[in-house]
Amino acid sequence: MNQLTTQDRNWSMLAHLSGGVLMFFAPSLGFIAPAVIGLISQDKPEVVAHARQAFRFQIAMTATIWLLGMAGTMMSCFMVGPLFWLLGFIPWIAGVLLPMTAAHRVNNGDDFNYPITGNELRRLR
């Protein structure tokens with residue numbers, strides 16, 4: 001692992017945390033802050049990699065929530081729709097809690113890979 005400067009570590013941590021915070025308050029907007037951090041940090045490849053990971057994870061969680069919501073709406077005439085709506089809380093909880101874990105690990109100087117989106121940091125080395 002490349003040693004990050006304190007500023008790079010803080011930006012990487014913010015990329016993960018901001019996605020989780022936005023996912024908590026506005027589940028459809030969790031990907032915006034990591035995208036902005038990735039765009040303003042173009043000259044720092046490690047920060048961009050962390051922002052890209054957070055962005056991909058938040059997009060995956062947002063898409064899953066929307067798909068489960070649509071499936072629940074379509075299946076509500078068969079009385080199983082609420083089951084899909086309840087299942088939508090699982091990616092929401094993951095979209096809030098996993099970025100906190102990622103931010104903690106990045107702040108400690110470790111790498112973190114989201115379980116769904118792959119290993120972006122391996123490509124840098």
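This is a predicted model: local features need pLDDT of at least 70, side-chain atom pairs count only at pLDDT 80 or more; totals for chains, interfaces and linings use all residues.
The secondary structure of this chain comes to five helices and zero strands, where helices are DSSP runs of H or I with at least four residues and strands are E runs of at least two, numbered from the N terminus. Read along the sequence, that gives the pattern α-α-α-α-α. Residues are numbered from 1 along each chain as its sequence is written, and side-chain values use heavy atoms, with hydrogens and water left out.

As for overall dimensions, the C-alpha trace spans about 55 × 20 × 20 Å along its principal axes. Of the 125 residues, 37% count as buried, meaning under 20% relative accessible area with a 1.4 Å probe, protein chains only.

Let me turn to one helix pair. Helix 1, residues 6-25, packs against helix 2, residues 32-40, at an angle of about 155 degrees, with their axes 8 Å apart; the axes are lines fitted to C-alpha atoms over the stretch in contact, and angles run from 0 to 180 degrees between N-to-C directions. Helix 1 is therefore roughly antiparallel to helix 2, a label used for angles over 145 degrees.

Which residues make the contact? Helix 1 contributes Trp11, Leu14, Ala15, Ser18, Gly19 and Leu22, and helix 2 contributes Ala33, Pro34, Ile37 and Ile40, where contact means heavy atoms within 4.5 Å.

Technical notes:
Angles under 35 degrees count as roughly parallel, over 145 as roughly antiparallel, 65 to 115 as roughly perpendicular and the rest as oblique. Buried means under 20% relative accessible area, exposed over 50%, partly exposed in between (1.4 Å probe, protein chains only).
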